[in-house]
Amino acid sequence: MPDRTTTLADHVRGRHRDDPGLAADLEIVLGAIAASARTLSRAIRRAAFTGELGLAGNENATGDAQKKLDLLANEAVVAALASSGLVAAIVSEEEDTARRLGTGKGARYIVCIDPLDGSSNTDVDGCVGTIFGLYRRLDGAPEPTSRDLLRRGSEQLAAGYVLYGPSTLLACTTGQGVSGFTLDEDRGEFLLTHETLRCPPRGRCYSANLGNLKGWHPHLRKYVDYLTEKDPGGRRPYSLRYTGALVADLHRSLIDGGLYFYPADSAHASGKLRLMYECAPLAFVVEQAGGRASTGMERILDVQAGSIHQRVPFVIGSVEDVILYERFLKDGGPA
Ligand code: AHG
Ligand code: MN
Ligand code: MN
């Protein structure tokens with residue numbers, strides 16, 4: 001049996017020996033996110049006993065009905081990041097505006113976070129996740145400015161996700177590849193279990209809400225025809241895998257190859273997913289794992305945010321699969 005003893009903190013220190021100041025900050029901020037993930041992992045598993053299933057009765061800024069667990073998750077990440085003292089503000093799916101945290105000189109970071117991704121799954125005991133991205137503040141003004149908050153994903157210092165599945169797994173990057181840590185519930189620690197996560201160049205599965213297919217660009221409908229027809233080489237048809245939680249579907253693509261997409265449709269010109277706390281962090285992770293993420297036309301990490309809850313069309317996963325999707329979208333098929 002392999003000896004699993006490397007903690008998230010050990011790993012971060014090891015990766016950033018050349019910059020002990022940055023290593024110390026990353027250790028604290030990622031440690032805070034890991035601490036909130038431990039709290040949340042337990043809260044999700046105990047929700048049927050504690051009365052935390054079901055709706056909270058409000059809507060968030062992007063019009064989603066909030067679940068009680070959405071609010072609990074948001075408060076867990078706010079509390080953990082506030083106590084770090086290093087985070088000036090968070091941009092959260094569950095907050096209408098950026099929420100101010102630390103006010104001291106040390107509060108030099110911004111965290112973008114989807115506290116509970118896939119929260120429609122909570123009442124059906126399905127997988128859910130957390131998605132996060134970390135930026136250094138640019139302006140020295142006492143209050144975070146829009147220059148601090150509205151960023152390009154390529155400026156992220158770190159990003160990752162937590163998947164609350166049969167086990168709780170935290171995958172993250174600090175710009176030097178992607179590693180995965182599984183929560184050891186006996187020790188209460190995330191321990192390194194996946195030293196290097198690499199996304200295969202091509203897969204055999206796709207994830208998308210086909211209920212929206214009739215509203216998609218005709219080229220994308222052709223793409224789905226292509227994926228689902230038999231080819232003599234035996235690589236197609238692709239299998240459909242869609243859980244309703246982006247983190248879970250993306251994690252499958254990262255491990256086994258394949259792609260996830262949520263395009264624009266006739267009623268939603270920018271699709272559904274939010275740039276700052278869903279698409280940009282996952283794009284950083286997937287690129288660091290050798291994969292690719294775009295709007296179908298532009299690299300996600302190059303998109304400059306114009307507002308904190310901005311939506312973008314999204315495709316992410318294996319590099320060859322994503323390139324083929326982009327070709328279909330542009331030209332209606334491979335050249
Ligand atoms: P959230 O629960 O954070 O609002 O995110 C839900 C997202 C994503 O996780 C998932 O892939 C997608 O929305 C599902 O949307 P549809 O129900 O439209 O398929
Ligand atoms: Mn989400
Ligand atoms: Mn969410």
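Q: How far apart are the manganese ion (ligand 3) and the manganese ion (ligand 2), and which residue coordinates both?

A: The two manganese ions, ligand 3 and ligand 2, are 3.8 Å apart, and Asp114 coordinates both. Donors are N, O and S atoms within 2.8 Å of the metal (3.2 Å for Na, K and Ca); water is not among the atoms, so sites may look incomplete. This is a predicted model, where local features need pLDDT of at least 70, side-chain atom pairs count only at pLDDT 80 or more, and totals for chains, interfaces and linings use all residues. Residues are numbered from 1 along each chain as its sequence is written, chains are lettered from A and ligands numbered from 1 in the order in which they are written, and side-chain values use heavy atoms, with hydrogens and water left out.

Q: Which residues are the protein donors of the manganese ion (ligand 3)?

A: Glu93 (OE), Asp114 (OD) and Leu116 (O) are its protein donors, at 2.3 to 2.4 Å. Along the chain, the donors of ligand 3 have the spacing E-x20-D-x1-L. Helices (H or I, at least four residues) and strands (E, at least two) are DSSP runs, numbered from the N terminus.

Q: Which residues coordinate the manganese ion (ligand 2)?

A: Asp114 (OD), Asp117 (OD) and Glu278 (OE) coordinate ligand 2, at 1.9 to 2.2 Å. Their spacing in sequence is D-x2-D-x160-E.

Q: Are Glu93 and Leu116 buried or exposed?

A: Buried means under 20% relative accessible area, exposed over 50%, and partly exposed in between (1.4 Å probe, protein chains only). Both Glu93 and Leu116 are buried. Asp114 is buried because its relative accessible area is 0%, and Asp117 counts as buried because its relative accessibility is 5%.

Q: Which residues come nearest to ligand 1?

A: A residue is near a molecule if one of its heavy atoms lies within 4 Å of it. Of the 18 residues around ligand 1, those that come nearest are Asp117, Gly118, Tyr242, Tyr260 and Tyr262. Strands β5 and β13 (259–262) each supply at least two residues of this shell. The largest share, three residues, comes from β5.

Q: Which polar side-chain atom lies 2.9 Å from an oxygen atom of ligand 1?

A: A polar contact is a pair of N or O atoms within 3.5 Å; within protein, one must be able to donate a hydrogen and the other to accept it, and residues adjacent in sequence count only if both atoms are side-chain atoms. The atom at 2.9 Å belongs to Lys272. An oxygen atom of ligand 1 is also 2.5 Å from an N or O atom in the side chain of Tyr242, and an oxygen atom of the ligand is 3.0 Å from a polar backbone atom of Ser119. The protein covers 85% of the 470 Å² of accessible area that ligand 1 has on its own. Such areas come from the Shrake-Rupley method with a 1.4 Å probe; for residues, only the protein chains shown count as cover.

Q: Where is Thr174 found?

A: Thr174 is in the loop between β8 (168–173) and β9 (178–184). Thr174 counts as buried because its relative accessibility is 16%. The side chains of Thr174 and His16 are joined by a polar contact of 2.7 Å.
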